Amino acid sequence: FKLSMISDSDEESTESELRMPHDEVHQIKMAMREAKARKKSLSKRIKSQIERTSADKSEVESILKSRTEELLKCKNSLSDCEMQLREANYEINQLRNKNEKILESSKLESKMCQEMLKDLRFTLEKANIA
């Protein structure tokens, strides 16, 4: 009988050791709920940050695309201006060459006129003398 009581009391103490007091079970359940709530809150925050980051990324990509298009337009405009400048320089050089030829021609005509004027003076002086 004593032996059976010992074994019964050992079983009871083992069961009571296995059974936790109600407060501890409650605390564990509360801690698990808090952990789940934190996890849910954190998940929401992370999801929100991902959405914001995605929106920011889309906005940045849109701005980048817009600026790239603007740069391309500027580059094309610059190329057009450079071409117009080359054409204008070519025309200026053509006009400069033409002006130089006219100037040379005018100098030659001026010399011829001076020679003709000398000849006329000489002829006039000859006529006045005679």
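Mentor: In this predicted model, the protein chain has two helices and zero strands, where helices (H or I, at least four residues) and strands (E, at least two) are DSSP runs numbered from the N terminus. Residues are numbered from 1 along each chain as its sequence is written. Because the model is predicted, local features need pLDDT of at least 70 and side-chain atom pairs count only at pLDDT 80 or more, while totals for chains, interfaces and linings use all residues, and side-chain values use heavy atoms, with hydrogens and water left out.

Helix 2 spans residues 22–129 and contains Ile 46, which is partly exposed at a relative accessible area of 42% (buried means under 20%, exposed over 50%, partly exposed in between, with a 1.4 Å probe and protein chains only). Together with Leu 42 and Ile 50, Ile 46 forms a nonpolar patch on the surface, with about 270 Å² of accessible area in total; areas come from the Shrake-Rupley method with a 1.4 Å probe, and for residues only the protein chains shown count as cover.

As for the whole chain, buried residues make up 0% of its 130 residues, and the protein chain exposes about 12900 Å², of which carbon and sulfur atoms supply 59%.

Note on methods. Patches are made of residues with over 30% relative accessible area and no salt bridge: like charges are joined within 9 Å, nonpolar side chains (Val, Leu, Ile, Met, Phe, Trp, Tyr) within 5 Å. A salt bridge is a side-chain nitrogen of Lys or Arg within 4 Å of a carboxyl oxygen of Asp or Glu.
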